[in-house]
Amino acid sequence: MKHDAPRMNEAAPHWRAAKAGVLSLPRCASCARYSWPPRAACGECGGVLEWAACRGTGTIVTYSVVRRAVDPGLKDDVPYVVAIVELDEGVRLFTNIVGADPNGLRGGLVVACRFEPTLDPDAWVPVFSPI
C-alpha cells in the first residue's frame, strides 16, 4: 500500500522510530501512562511526556474494508483495511491491517505491529497484522 508522508511535527519521533522498526509513543515520566496523539503534558496527571517504545501488540477494536478507493492513488490497493487498534498499553491507533484476508477479521482479534515505508524515506508508518 502507498502511504503519504506524514507531517513531521510533534509526532516526528514516532515516524522516525517506525523506520527503525520501533513503535514509539509519548509516555508520562510520572505515572507511566502512554498517550496518543502527542501533547504538551500527560492527560492523566499533567506529568512530562517522554518518547518510549511499546510492545507493538494489541487488538482490533473496529475496522472497515475499503473496496472502492476514495483516493485515486490507492485504486490498485483495494480492498484494504483501516482499523482502530487498542495497544496492550491502552492507547488506540488509527491504522491499517495488512497481511490478512479482510473476510477473516473481527473485533477483538490480536494483532502485532510491523512497519511500511511512506513517500518520505525518513518516515515509516506502523501497520498491524493478525498474530
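Visitor: What share of the contacts in the chain between residues at least 6 apart in sequence join residues at least 24 apart?

Guide: The share is 53%, where contact means heavy atoms within 4.5 Å. This is a predicted model, in which local features need pLDDT of at least 70 and side-chain atom pairs count only at pLDDT 80 or more, while totals for chains, interfaces and linings use all residues. Residues are numbered from 1 along each chain as its sequence is written, and side-chain values use heavy atoms, with hydrogens and water left out.

Visitor: How many helices and strands does the chain have?

Guide: There are one helix and seven strands. Helices (H or I, at least four residues) and strands (E, at least two) are DSSP runs, numbered from the N terminus. Read from that end, the order is α-β-β-β-β-β-β-β.

Visitor: Why is Phe-128 called buried?

Guide: Buried means under 20% relative accessible area, exposed over 50%, and partly exposed in between (1.4 Å probe, protein chains only). Phe-128 has 0%, so the residue counts as buried. Phe-128 sits in strand S7. Leaving aside residues up to four places away in sequence, Phe-128 touches several others, among them Leu-23, Val-85, Leu-93 and Cys-113. Across the whole chain, 41% of the 131 residues count as buried.

Visitor: What makes Ala-32 partly exposed?

Guide: The relative accessible area of Ala-32 is 45%, so the residue falls in the middle class. Ala-32 lies in the loop between S1 and S2. Although not a glycine, Ala-32 has a positive phi of about 65 degrees. Most residues other than glycine have a negative phi, and most peptide bonds are trans.

Visitor: Where are the cis peptide bonds from Trp-36 and from Val-78?

Guide: One runs from Trp-36 to Pro-37, with omega near 0 degrees, and Pro-37 belongs to the loop between strand S1 (24-28) and strand S2 (49-53). The other runs from Val-78 to Pro-79, with omega near -5 degrees, and Pro-79 belongs to the loop between strand S3 (57-66) and S4.

Visitor: Which residues of H1 are buried?

Guide: They are Ala-12, His-14, Trp-15, Ala-17 and Ala-18. Their cover includes S1, S2, strand S6 (110-117) and S7. Just after H1, Gly-21 takes a positive phi of about 80 degrees.

Visitor: What is the volume of the largest pocket, and what makes a space a pocket?

Guide: The largest pocket holds about 680 Å³. It has 24 lining residues, and those closest to its centre are His-3, Asp-4, Phe-94, Asn-96 and Val-125. On a 1 Å grid over the protein atoms alone, a cavity is a set of points where a 1.4 Å probe fits but cannot get out, whereas a pocket is an open set with protein on both sides within 12 Å along at least five of seven lines; lining residues have an atom within 4 Å of a point. Grid points are joined across faces, edges and corners, and the volume is the space filled by probe spheres set on the points. Helix H1 (12-19), strand S4 (80-87), strand S5 (92-97) and strand S7 (124-130) each supply at least two residues of the lining.
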